Amino acid sequence: MSRTVAALLLAGALIGGTASTATSAPLSETDSVDTKKISATQGDAAMDYWTPQRMKEAKSADVLARGKSASNAPLNIGKSTKIAGRSANANKVKPNAGKPSKNVAQTPVSHIGKVFFTLGGADYVCSGNAVVSANESTVSTAGHCVNEGPGAFATRWVFVPAYENGNAPYGSFAATELVAPTQWSNDGDITYDTAFAVVSDQSGVSLADKVGTSGVAFNQARGLTYSAFGYPAARPFNGETLQSCSGTATDDPYGQTQSQGIPCNMTGGSSGGPWFLGGSDGFQNSVNSFGYGGIRDTMFGPYWGSVIEQAYQSAQN
């Protein structure tokens with residue numbers, strides 16, 4: 001989606017949920033965000049740090065999301081495993097009758113890319129997407145791809161749009177600011193596992209002008225149909241190509257988060273990749289977040305309500 005078209009759609013107020021039936025935000029929410037400013041010098045250092053070899057050796061960041069809920073049903077991204085049922089009983093989760101969504105290899109999409117960063121002394125890889133914004137420089141990703149949740153913010157954070165097999169046709173964009181809901185940065189609440197990064201221009205050309213952007217939507221109805229994209233790096237994938245899957249969202253069968261799951265077997269590395277209402281030219285309405293070890297082939301993404309909208313507003317201005 002071009003920046004111009006996305007801006008027109010944003011002006012049409014889908015961001016506020018008026019283009020479809022809106023629902024109240026999950027649980028009791030307060031609008032607060034946590035931010036980290038990054039200097040130009042640090043950004044330049046990040047660009048220099050991420051050589052092709054370091055990108056190839058970066059670890060899948062799914063490990064950073066594990067153990068982020070209070071339930072005894074362990075969060076476990078990256079385990080290729082039938083679709084989640086709707087039961088709230090953690091001991092009696094039954095698969096749906098449908099078949100899991102098989103991943104489909106995609107040609108690169110200009111505004112979807114890989115995210116690289118350092119956290120806790122280790123180098124990690126996630127996925128991300130350029131979204132429409134007033135500053136023309138905002139990237140969406142998962143909260144655990146920006147902040148320990150709770151804990152420190154990442155360093156050496158860069159976005160590489162349209163990555164494929166080591167090629168970066170649009171180059172890299174270093175973060176100048178990282179933004180996350182305090183529900184993630186202070187509490188590690190997986191329900192709010194979304195974050196945004198503001199990135200630098202390239203020789204005076206903004207990210208939006210370089211690669212285009214997606215529109216965004218918040219406070220939409222639950223149970224919608226999504227197309228999810230990302231760069232899964234754990235087996236059987238290698239993180240070198242863009243993958244997608246699609247399906248209708250269902251509630252967390254354990255009832256321990258407000259996240260929704262879709263049939264999808266993407267693995268670690270796809271964290272932070274966008275969920276669209278429609279295809280890659282649709283409105284973004286969630287990100288790849290986590291999977292349960294006991295539920296096969298299901299990717300969960302956070303419900304984008306008022307808390308995540310506030311984080312977006314903070315970043316995009």
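The link of Cys 126 and Cys 145 is left-handed, with -80° about the S-S bond. This disulfide (a pair of cysteine sulfur atoms within 2.5 Å) connects distant parts of the chain, with Cys 126 in strand 5 (residues 122–131) and Cys 145 in the loop between strand 6 (138–141) and strand 7 (155–161), 19 residues apart. The structure is a predicted model, in which local features need pLDDT of at least 70 and side-chain atom pairs count only at pLDDT 80 or more, while totals for chains, interfaces and linings use all residues. Residues are numbered from 1 along each chain as its sequence is written, and side-chain values use heavy atoms, with hydrogens and water left out.

**Disulfides**

- The sulfur atoms of Cys 126 and Cys 145 are 2.0 Å apart.
- Both Cys 126 and Cys 145 are buried; buried means under 20% relative accessible area, exposed over 50% and partly exposed in between, for a 1.4 Å probe and protein chains only.
- Cys 245 is joined to Cys 264 by a disulfide with an S to S distance of 1.9 Å.
- The link of Cys 245 and Cys 264 is left-handed, at -75° about the S-S bond, and it too connects distant parts of the chain: Cys 245 lies in strand 11 (residues 242–248) and Cys 264 in the loop between strand 13 and strand 14 (274–277), 19 residues apart.
- Cys 245 is buried because its relative accessible area is 4%, and Cys 264 counts as buried because its relative accessibility is 2%.

- An open sheet is formed by 3 strands in the order 12-13-16, with antiparallel pairing.
- Strand 12 (250–251) and strand 16 (298–301) are at the edges and have a single partner strand each, so one side of each is left without a neighbour in the sheet.
- Strands are DSSP runs of E with at least two residues, helices are runs of H or I with at least four, and both are numbered from the N terminus; two strands pair if DSSP finds at least two bridges between them.
- Strand 12 pairs with strand 13 (residues 260–263) in the antiparallel sense over 2 bridges, and Gln 260 in strand 13 is the bridge partner of Asp 251.

**Loop between strand 15 and strand 16**

- Asn 288 is located in the loop between strand 15 (283–287) and strand 16, and counts as buried because its relative accessibility is 0%.
- A polar atom of the Asn 288 side chain lies 2.9 Å from the backbone oxygen of Ser 270.
- Leaving aside neighbours within four places in sequence, the residues in contact with Asn 288 (heavy atoms within 4.5 Å) include Ala 142, Phe 229, Met 266, Ser 270, Trp 275 and Phe 300.
- Asp 297 is found in the loop between strand 15 and strand 16; its phi is near 50°, a positive value in a residue other than glycine.
- Asp 297 is buried because its relative accessible area is 13%.

**Other backbone features**

- Gly 149 and Pro 150 are joined by a cis peptide bond with omega about -5°, and Pro 150 is in the loop between strand 6 and strand 7.
- The peptide bond from Arg 235 to Pro 236 is cis, with omega near 5°; Pro 236 is placed in the loop between strand 10 (225–230) and strand 11.
- Asn 165, in the loop between strand 7 and strand 8 (173–181), is a residue other than glycine with a positive phi, near 50°.
- Asn 165 is partly exposed, with a relative accessible area of 48%.

Notes: A polar contact is a pair of N or O atoms within 3.5 Å; within protein, one must be able to donate a hydrogen and the other to accept it, and residues adjacent in sequence count only if both atoms are side-chain atoms.
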